[in-house]
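Subject: Structure handover

Hello,

I am passing on the model we discussed, with notes on what turned up in it. Please look it over when you have time.

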Amino acid sequence: MKRNLRTQAIVLKNYRIGEIHKGVVLFTPESGIVHAIAHGGYRGKSRLSSRTNVFNVLTVYLYFDPVKNTYKITDAECHSYFEDLKRDLKKVFNAYLACEIILKSYGAGDDFRQAYNLLSVFLNNLDTGESGSTELGIIQFIWRYLTLLGVKP
């Protein structure tokens, strides 16, 4: 098993671990949902603090510790951080809803690449679209995601 990994990822969720460490939930096209730790992620000087914010699309470098069975983020390169999306409350709500759907359904089971592409396109369209079209966008995302899961009515 390889200990050092390099992969594309979308940050779905953040949470605190202690005072300064950040737990990051990533969605990758190869491995699906990955829980990783950004050591010092909540410290002001850390280069990982802003790169591991929610909805960011990253190339992330991970180290797998087989003894603790955990991933550690060693570095990250941010490709998209969706500045316009984070300014509009409706867009943020819909983006969080899409991320929660991915989290609660374990990343569509086995087909991670298609689910990753669907979420990536949805976030891009949400960022560039107008605020009034967000309701239609989330409905299309849910419909396509149900098709991907194989439970579309």
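How many bridges join strand β1 to β2? There are seven, and the two strands, β1 being residues 4-17, run antiparallel. Strands count as paired if DSSP finds at least two bridges between them. Helices (H or I, at least four residues) and strands (E, at least two) are DSSP runs, numbered from the N terminus.

On provenance: this is a predicted model, in which local features need pLDDT of at least 70 and side-chain atom pairs count only at pLDDT 80 or more, while totals for chains, interfaces and linings use all residues. Residues are numbered from 1 along each chain as its sequence is written, and side-chain values use heavy atoms, with hydrogens and water left out.

Strands

The hairpin of β1 and β2 has three residues between the strands, and G18 there takes a positive phi near 70°. N14 has V24 as its bridge partner in β2. On to β3 (residues 32-38): β2 pairs with this strand over seven bridges, again in the antiparallel sense. These two strands also form a hairpin, with three residues between them.

Strand β2 (residues 21-28) is mostly covered, with seven of its eight residues buried. Buried means under 20% relative accessible area, exposed over 50%, and partly exposed in between (1.4 Å probe, protein chains only). L26, in strand β2, counts as buried because its relative accessibility is 0%. L26 stands opposite V34 in β3.

Surface patch

F93, L97 and I142 form a nonpolar patch on the surface, with about 260 Å² of accessible area together (Shrake-Rupley method, 1.4 Å probe). F93 lies in helix α2 (residues 89-104) and is exposed, at 56% relative accessible area.

The largest pocket holds about 210 Å³ of space. Of its 14 lining residues, F122, N125, L126, G137 and Q140 are the closest to the centre. Helices α3 (112-128) and α4 (134-149) each supply at least two residues of the lining, and α4 gives the largest share, six residues. A pocket here is an open set of points on a 1 Å grid (1.4 Å probe) with protein on both sides within 12 Å along at least five of seven lines; lining residues have an atom within 4 Å of a point.

Regards

Technical notes: Patch = residues over 30% accessible without salt bridge, like charges linked within 9 Å, V, L, I, M, F, W, Y side chains within 5 Å. Salt bridge = Lys/Arg side-chain N within 4 Å of Asp/Glu carboxyl O. Points joined across faces, edges and corners; volume = space filled by probe spheres on them.
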